[in-house]
Amino acid sequence: MDTLILSRIQFGANISFHILFPTITIALGWVLLFFKLRFNATGEDRWMEAYRFWVKVFALSFAMGVVSGITMSFQFGTNWPGFMETVGNIAGPLLAYEVLTAFFLEAVFLGIMLFGASRVPGWLHTLATFLVAFGTTMSAFWIIVLNSWMHTPQGFEMIDGVAHATDWWAIIFNPSMPYRFAHMLLASFLTVSFLIAGVSAFRWIIGGRTAGVRVALKSAVYGAALLIPLQIYMGDMHGLNTLEHQPQKIAAMEANWETGPNVPLLLFAIPDDAARENRFEIAIPNLASLILTHHADGVVPGLNDFVGEDGEVLHPRVAAVFWSFRVMVGTGVAMLLLSWATAALLLRRGVEGLPRPVLYGLVGMTFSGWLATLAGWYTTEIGRQPWLVQGVLSTRDAVADVPAAMVASTLIAYLVVYALLLGAYILVIFYLARRAARGEKLDPRPEPRAVPIPAE
Amino acid sequence: MDMFSDPALWLPFVFAGLMGLSILIYVVLDGFDLGVGLLFPFANEGEKDRMIGSIGPFWDANETWLVLAVGLLLVAFPAAHGAILTALYLPVAVMLIGLILRGVAFEFRAKAPPEWKRLWNRAFFAGSLMTSMSQGFMLGMYVMGLTWTLPHVAFALLTAAFLTVGYSFIGATWVIHKSDGLLQLKAIDWAKGGVWGLVLGIGAVSAATPYVSVRIFDKWFSWPEALYLAPLPLLSAALVVGLWVALRRMPFDRDRRSWLPFAMATGLWATAFGGMAYSFYPYVVPEKLTIYEAASAPESLFIILVGTVVVLPTILGYSILAFTIFRGKARELRYD
């Protein structure tokens, strides 16, 4: 394999590992604030019980997100120097604003949120929780702005091969940004909903049937049931936006080779990039046209329109995009079915009335949000290839001239570390859940100290 | 000044200053928490918990200064970012894996099953060691002009060892401030041992830098510049002597001035760093690329500067708030 494909795999591995944790912390921060505010309003200890458990998962996820995120800021330089050299005038300020307005906010107030409750007044602790949640969301905003600009660039001019900003408003509010940002925020909330529901169901099954578990489980299932239809709607809007701005991506998602009307929706196919056709198609007639244009005879773009005169392929490899998209949609449908069924049962019979298979189903879907989120990102990011910045900079032109062996060796090192850490992370979450179910206090010392230690 | 009439001149200068400031704050702040990790093998189990407690609320924000520093390099001097980081590809990868290990070990050692705790303690030490060594190595390579020759690598290995000792030293001074009793006495001993490594390290870089470049030699050893610059080495020498005297007499009665070694260590880092910055200016890639050649377009730098001017004081403000809230002696970390 050459440096280009190895660098792509390395960046893909790093950013895939990284995104798992912000996907949790973005929404979990707001969920913790919700628990805290409910406790402030009602004084009921069950909200605080839920807060105390989930703040530990938050701390762990946050640490994983911070350290894997540092990797990203270096990889721009180590692997993709052409990116900053060409579009640094636009990417730079956006990244700088992320660090300045988000990273420090969340990192500093995280300390107060985690360890400061006995040292600061209650309102300041609630404010710290809010600022951490706000910080993670701001961080998501800036990075989505940059990512969206790479898909739908505008507000700039090229001078001597370097992009110069002409209109910051147009850059920030580029056409795909609002859809992508909303889609990602909803993905984060769904991921957290299924995480909380799954772990709470696990605790319930093994006998930890406390008021805190009950309230967390209910909040999570109702949250998921409310958000999943919204997400499906938002996904559809995002898809239509992509159809307008990046038709080649839509063509790859549908594995549609020839532009034309009455395009069927493929349920299964093995797209063959070399032969430029699909094998083993199973299709529903007219459905792709119907979904994308809302007419059975609507015209859907085909991949063959994106081949240059000289035979240069200007669309992504089809199979990866096609299948990532199907994994995302399939997971979304599973989420819809399970959350609505569980919510209906909860409304009628309460947590006690949930049948075993439903509880096991929730446990099985604990990390379904990760699957859908990764599959969605693969769809959109691989779907942008061969471009790094759509129409402006190709991925090939941005890669660093580093020996392939060096990229391969560091890639293996990263993969080993990531596999171990991911395993440890999942094990520890369930270990914490088992301890909580046994009624153990998760803090080292049982009694809080009322008197803070005086200053020197 | 004439310089301020042209933004293409003063903006790169301002950003080089901001980047330098971020690096300095980073090596002091993450220096002390990396140092705490490096000192782990010398501490017993109970002491490890207290040492972790002394950095717990801070380490996240401390590492953010690295992100800001490399971020400023990335956004203000994109050409230099690529040139420096591709040259340092391997040490950067080692550092990143080190940072990942220590950051997560911090959480895992407190939350994983007790039988794993020793493993995560080792990971915390190993991650801190990888991070410090690779940063020291990069410092050495940078001083030597980022070319991979055998003598340069040998020198970089030397600075790797020195920076590691230096971080352990500032970590020890932090533990002196945040602990009491036996742990504090231990930390004073650690710091006494570390002073000499620090002196050798600063000495090695100071001696090597002018040797590598005639330009830098002339900056330091021509008249009358040498006279204006004299306070820098003199101040460093005074701080070293002050540290040595203070450490020999510590702990003072009723734990007064336990912050003194940390403050003096910070001063020492600042003078050393100031000297280096003076040596290399105006180059950002040594002897190859000046800050003016590597800078982004003025209109992009300006929009970052506007944000920085508003946000940086705010960041300093709430960082001080956090350090005030968690002042005093460290205790085990508790989520309440």
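The exercises below, each with a worked solution, concern a predicted model.

**Exercise 1. Salt bridge and accessibility in chain A**

Decide whether the pair A:D45 and A:R52 is a salt bridge, and state whether each partner is buried, partly exposed or exposed.

Solution. 
- Step 1. The closest N and O atoms of A:D45 and A:R52 are 3.9 Å apart.
- Step 2. The cut-off is 4 Å between a side-chain nitrogen of Lys or Arg and a carboxyl oxygen of Asp or Glu, and the pair A:D45 and A:R52 is a salt bridge.
- Step 3. Partly exposed is the class between buried, under 20%, and exposed, over 50%. A:D45 has a relative accessible area of 47% and is therefore partly exposed. A:R52, at 33% relative accessibility, also counts as partly exposed.

**Exercise 2. Salt bridges between helices**

For the salt bridges A:R326 with A:E254 and B:R109 with B:D49, find the helices that are joined.

Solution. 
- Step 1. In the pair A:R326 and A:E254, the closest N and O atoms lie 3.6 Å apart. A:R326 belongs to helix α10 (residues 318-349) of chain A and A:E254 to helix α8 (residues 247-254) of chain A, and the two residues are 72 residues apart.
- Step 2. A:R326 counts as buried at 15% relative accessibility, and A:E254 is buried with a relative accessible area of 7%.
- Step 3. For B:R109 and B:D49 the closest N and O atoms are 2.8 Å apart. B:R109 sits in helix α5 (residues 89-111) of chain B and B:D49 in helix α2 (residues 45-55) of chain B, so this pair ties together parts 60 residues apart in sequence.
- Step 4. B:R109 counts as buried, with 5% relative accessibility.
- Step 5. Elsewhere, salt bridges with shared partners join B:D30, B:D33, B:E63 and B:R102 into one network. Over all chains, the structure holds 17 salt bridges.

**Exercise 3. The interface of chains A and B**

Describe the interface by its contacts, its buried area and the residues on the side of chain B.

Solution. 
- Step 1. Contacts: 67 residues of chain B touch 75 residues of chain A.
- Step 2. Area: the two chains bury about 6900 Å² between them, with 74% of it on carbon and sulfur atoms.
- Step 3. Elements: on the side of chain B that touches chain A, α3 (59-76), α4 (78-87), α5 and α14 (298-325) of chain B each give two or more residues. The largest share, 15 residues, comes from α14(B).
- Step 4. Classes: this side of chain B has 43 nonpolar, 13 polar and eleven charged residues.

**Exercise 4. Aromatic pairs in chain A**

Classify the ring pairs A:F11 with A:W80 and A:F35 with A:W47.

Solution. 
- Step 1. The structure holds 41 aromatic pairs over all chains. The ring centres of A:F11 and A:W80 are 6.4 Å apart and the planes stand at 90°, so this pair is edge-to-face.
- Step 2. A:F11 is in helix α1 (residues 3-42) of chain A, and A:W80 is in the loop between α2 (45-79) and α3 (81-115) of chain A, 69 residues apart. Both A:F11 and A:W80 are buried.
- Step 3. A:F35 and A:W47 have 6.0 Å between centres and 45° between planes, and the pair is tilted. A:F35 lies in helix α1 of chain A and A:W47 in helix α2 of chain A, so the pair ties together parts twelve residues apart in sequence.
- Step 4. A:F35 is buried at a relative accessible area of 1%, and A:W47 is buried at 6%.

Key: Residues are numbered from 1 along each chain as its sequence is written. Chains are lettered from A and ligands numbered from 1 in the order in which they are written. This is a predicted model: local features need pLDDT of at least 70, side-chain atom pairs count only at pLDDT 80 or more; totals for chains, interfaces and linings use all residues. Side-chain values use heavy atoms; hydrogens and water are left out. Buried means under 20% relative accessible area, exposed over 50%, partly exposed in between (1.4 Å probe, protein chains only). Helices (H or I, at least four residues) and strands (E, at least two) are DSSP runs, numbered from the N terminus. Contact means heavy atoms within 4.5 Å. Buried area is the accessible area (1.4 Å probe) that two parts lose on being put together, summed over both. Ala, Val, Leu, Ile, Met, Phe, Trp, Tyr, Cys and Pro count as nonpolar, Asp, Glu, Lys and Arg as charged, and the others, Gly among them, as polar. Rings of Phe, Tyr and Trp (its six-membered ring) pair if their centres lie within 6.5 Å; planes under 30 degrees apart count as stacked, over 60 as edge-to-face and the rest as tilted.
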